[in-house]
Amino acid sequence: MNMSKDQREDNFFDLIEEFLNLFNQRDFKQLKIKFQINKDRYEEILEELDDENLLDKKLSLPPKAIALTARNDNRAIFETYEMNGTEEVIGIECCLYADNRETDLTLEGRFHKKDGKFIFVYHGLRA
């Protein structure tokens, strides 16, 4: 079953929101199970957020209506791109919000197709 680019991006948005919700709950166990986050990576995220004074804030993506429609030449709002010329691996860059306000951080990751569906793999944050 192939989904349209819009459906795929909507699905990707929901996966990242799930990742951020688990992170906001500090649910390392579920992050490890669902998103293959190891303890070192988890601690790295906490440290980076602490450096940016965002550790106590609720993380999210931009509102879905903005994220999936708006384009910005200066910064990725929610952009996906094929990697290695295949739909099996899709890169993602998106703005990170904290307490419903845009931050200077961009969340980066990849979606890998596994057993017919995509899974989100976190790669990092950058300013």
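An α-helix has 3.6 residues a turn, so residues three or four places apart point the same way. Just after helix 2, glutamine 36 takes a positive phi of about 55 degrees. Helices (H or I, at least four residues) and strands (E, at least two) are DSSP runs, numbered from the N terminus.

Because the model is predicted, local features need pLDDT of at least 70 and side-chain atom pairs count only at pLDDT 80 or more, whereas totals for chains, interfaces and linings use all residues. Residues are numbered from 1 along each chain as its sequence is written, and side-chain values use heavy atoms, with hydrogens and water left out.

The chain contains 4 helices and 5 strands, arranged along the sequence in the pattern α-α-α-β-α-β-β-β-β. For 127 residues, a compact globule would have a radius of gyration near 14 Å, and the 14 Å of the chain agrees with this expectation; the radius is taken over C-alpha atoms, and the globule rule is 2.2 Å times the number of residues to the power 0.38. The C-alpha trace spans about 40 × 35 × 20 Å along its principal axes. Of the 127 residues, 40% count as buried, and residues 24 or more positions apart account for 45% of the contacts with a separation of 6 or more.

The largest nonpolar core comprises 33 residues, with Ile16, Phe19, Phe78, Leu107, Phe111 and Phe120 having the most contacts inside it; such a core is a set of buried Ala, Val, Leu, Ile, Met, Phe, Trp, Tyr and Cys residues joined through side-chain atoms within 4.5 Å. Two or more residues are given to this core by each of helix 1, helix 2, helix 3, strand 3, strand 4 (101-114) and strand 5, and helix 1 gives the most, with 8 residues. Leaving aside neighbours within four places in sequence, phenylalanine 120 is in contact with Leu15, Ile16, Phe19, Phe35, Ile92, Leu107, Gly109, Arg110 and Phe111.

A search of the whole structure finds 7 salt bridges, each requiring a side-chain nitrogen of Lys or Arg within 4 Å of a carboxyl oxygen of Asp or Glu. Arginine 126, partly exposed with a relative accessible area of 33%, forms a salt bridge with glutamate 93, the closest N and O atoms being 2.9 Å apart. Arginine 126 lies in strand 5 and glutamate 93 in strand 3, so the pair ties together parts that are 33 residues apart in sequence. Arginine 126 also forms a salt bridge with glutamate 108, for which the closest N and O atoms are 2.5 Å apart. Since glutamate 108 lies in strand 4, this second pair ties together parts that are 18 residues apart in sequence; glutamate 108 is partly exposed, with a relative accessible area of 22%. Salt bridges that share partners join Asp10, Asp14 and Lys64 into one network. Within helix 3, lysine 39 forms a salt bridge with glutamate 43 at a closest N to O distance of 3.9 Å, the two residues lying 4 residues apart, about one turn of the helix. Lysine 39 is partly exposed at 43% relative accessibility, as is glutamate 43 at 38%.

Most residues other than glycine have a negative phi, and most peptide bonds are trans. In the loop between strand 3 and strand 4, aspartate 99 has a positive phi near 50 degrees and is partly exposed, with a relative accessible area of 39%. Asparagine 100, found in the loop between strand 3 and strand 4, has a positive phi of about 65 degrees and counts as exposed at 69% relative accessibility.

Methods: Buried means under 20% relative accessible area, exposed over 50%, partly exposed in between (1.4 Å probe, protein chains only). Contact means heavy atoms within 4.5 Å.
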